[in-house]
Amino acid sequence: MTTSPTPTTTTPAAGGRTAAPTRREQILREAARLFAERGFHGVGVDEIGAAVGISGPGLYRHFPGKDAMLAELLVGISERLLTGGRIRVGETSGDPEAVLASLVDGHIDFALDDRPLITLHDRELDRLKDEDRKRVRQLQRQYVELWVAVVRELYPNSSESEARTAVHAVFGLLNSTPHLAALGRQSMEELLRRLAHGAFGALRD
């Protein structure tokens, strides 16, 4: 399926400015928020439309229904994480410590900026059509393996299973943000960064 930018993604404008979110992006952002707050079946098309200032039926010019919104949200964020991870690896290639630090920072940004999508994934992934659910899983596996390769390069004495376990543990930690007490953005970033690197540091032994 074709996906548009996920809720926190905007399209660059001429001159390096960030363009205002498109109507489609606005719909996805509000759908993610409402689905996370009330559950997929607890939200109607009319409510999503009202949140972006259009009639419920007007949404059908952008999406055939709620199922399509959910699929685009979950497939889209999986694509964005993998693409962003690959870019970070390419930008800092040759220095595994810097690569891992960049990957951690990128995932922290996701975990803080896209908390509704974490909640959606936990609660609603099984509602996707088989094709979309398999696509999400495929993208997630590729994202994990990207991290595992970097971790093993930085900690060459760790086994593949140890590195993969550490990566999953760090994801579990970072993706817990919807359930954490509110802290200031900077304080939360610093805390999550220390915890993530502390977990990976256990592989030194």
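Me: Before we start, what counts as a helix here?
Reply: Helices are DSSP runs of H or I with at least four residues, and they are numbered from the N terminus; please also keep in mind that this is a predicted model.

Me: Which residues make the nonpolar surface patch with it?
Reply: L195 makes that patch together with L183 and L191, and the patch has an area of about 240 Å².

Me: Switching to the inside, which residues touch the most other members of the largest nonpolar core?
Reply: They are F35, I48, W147 and F200, in a core that has 57 residues. Helices α1 to α8 each supply at least two residues of this core.

Me: And where does that core lie?
Reply: It lies between domain 1 (21–64) and domain 2 (66–202), because both of them give residues to it.

Me: What about L125, buried or exposed?
Reply: L125 is buried, because its relative accessibility is 4% and the cut-off for buried is under 20%. L125 is found in the loop between α5 and α6, and its C-alpha is 9.8 Å from that of R137, which is 12 residues away in sequence.

Me: Last one, what does UniProt list for residues 44–63?
Reply: An unreviewed UniProt entry lists them as "DNA-binding region"; in the model this span is 40% helix and 0% strand, and its end C-alpha atoms are 14 Å apart.

Note on methods: Residues numbered from 1 in each chain as written. Predicted model: local features only at pLDDT ≥ 70, side-chain atom pairs only at ≥ 80, totals over all residues. Heavy atoms only, no water. UniProt positions renumbered as here; feature names shortened; annotations may be inferred. Patch = residues over 30% accessible without salt bridge, like charges linked within 9 Å, V, L, I, M, F, W, Y side chains within 5 Å. Areas by Shrake-Rupley, 256 points an atom, 1.4 Å probe, with all protein chains shown as cover. Salt bridge = Lys/Arg side-chain N within 4 Å of Asp/Glu carboxyl O. Core = buried A, V, L, I, M, F, W, Y, C linked by side-chain atoms within 4.5 Å. Buried < 20%, exposed > 50% of the residue type's maximum accessible area, 1.4 Å probe, protein only. Domains from an automatic or database assignment.
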